Amino acid sequence: MARTVREAIGGNSEAAWAALREAARACTRCDLYRHATQTVFGEGPVDARMMLVGEQPGDQEDRAGHPFVGPAGKLLDRALAEAGVARDGVYVTNAVKHFKFVPRGKRRIHSKPDAGEITACRWWIEQESLLVKPEVTVALGATAARALMGKAVTIGRERGRPIALPDGGIAWITIHPSYLLRIRDHGEADAEFGRFVDDLKAARASLP
């Protein structure tokens, strides 16, 4: 692997993270930067023991420049609280750093990143992982799981068990909170939210 940002800075994690975030602002690794408002980089303690990886910023995240501040982010906050995980104690980021969307009138409708865009952005998530060195990484959805594993992953098959990562630490795979927002039946939505909280509890409990 090429020399990491942390090595270039001389081992100072905070300075390395700031340099990495600044470099990401000018990212042109794929074409998504052409239409997005800005790069939305990860946030949280650089020495966090747990990292959460989502898919990509949504409309509100793209405008605000911060990850998980929209409806899915509020649902994530609620789930983390119920799981006993402090949001300000985890590092939160996305597999893809630019918002991919389809314009529909004045609205911008989310569009799922393709394999090429996930691969192009994977360097950033690798650098974030090298800096933070989380003991536990939670992949929120299939896109995040693909970015971490380097291949397509079926959530139903891998969900609910720890998976060793090549560079150290373990990963847990669960749903993306936006999935919960699409469930129309209230009973089903409550049940799925409970499963999501259980996944986060299991990830927290696996911390050494």
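Predicted model: local features only at pLDDT ≥ 70, side-chain atom pairs only at ≥ 80, totals over all residues.

For contacts, I count heavy atoms within 4.5 Å.

Entry one, the helix pair. I looked up α5 (residues 115–132) and α6 (residues 142–149), and their axes come within 10 Å and cross at roughly 50°. The crossing of α5 past α6 is right-handed. Who touches whom: from α5 I get A115, I118 and R122, and they meet T143, R146, A147, L148 and M149 of α6. I sorted the residues of this contact into 5 nonpolar, 1 polar and 2 charged.

Entry two, the cavity. Searching the whole structure for cavities of 30 Å³ or more gave me 1. The largest cavity holds about 60 Å³ of space. Its lining includes C27, C30, Y33, H98 and C121. By type, that lining splits into 7 nonpolar, 1 polar and 2 charged residues.

The largest pocket comes out at about 830 Å³. It has 31 lining residues, and A72, H110, H176, S178 and R182 are the closest to its centre. β4 supplies the largest share of that lining, 4 residues.

Of its 18 lining residues, S129, L165, P166, D167 and G168 sit nearest the centre. Back to my helix pair: α5 and α6 each give two or more residues to this lining, as does β6 (163–164). α5 gives the most, with 5 residues.

Notes: Residues numbered from 1 in each chain as written. Heavy atoms only, no water. Axes fitted to C-alpha atoms, helices over the stretch in contact; angles between N-to-C directions. Left-handed = near helix turned anticlockwise from the far one by under 90°. Nonpolar A, V, L, I, M, F, W, Y, C, P; charged D, E, K, R; others polar. 1 Å grid on protein atoms, 1.4 Å probe; cavity = no way out; pocket = protein on both sides within 12 Å on 5 of 7 lines; lining within 4 Å. Points joined across faces, edges and corners; volume = space filled by probe spheres on them.
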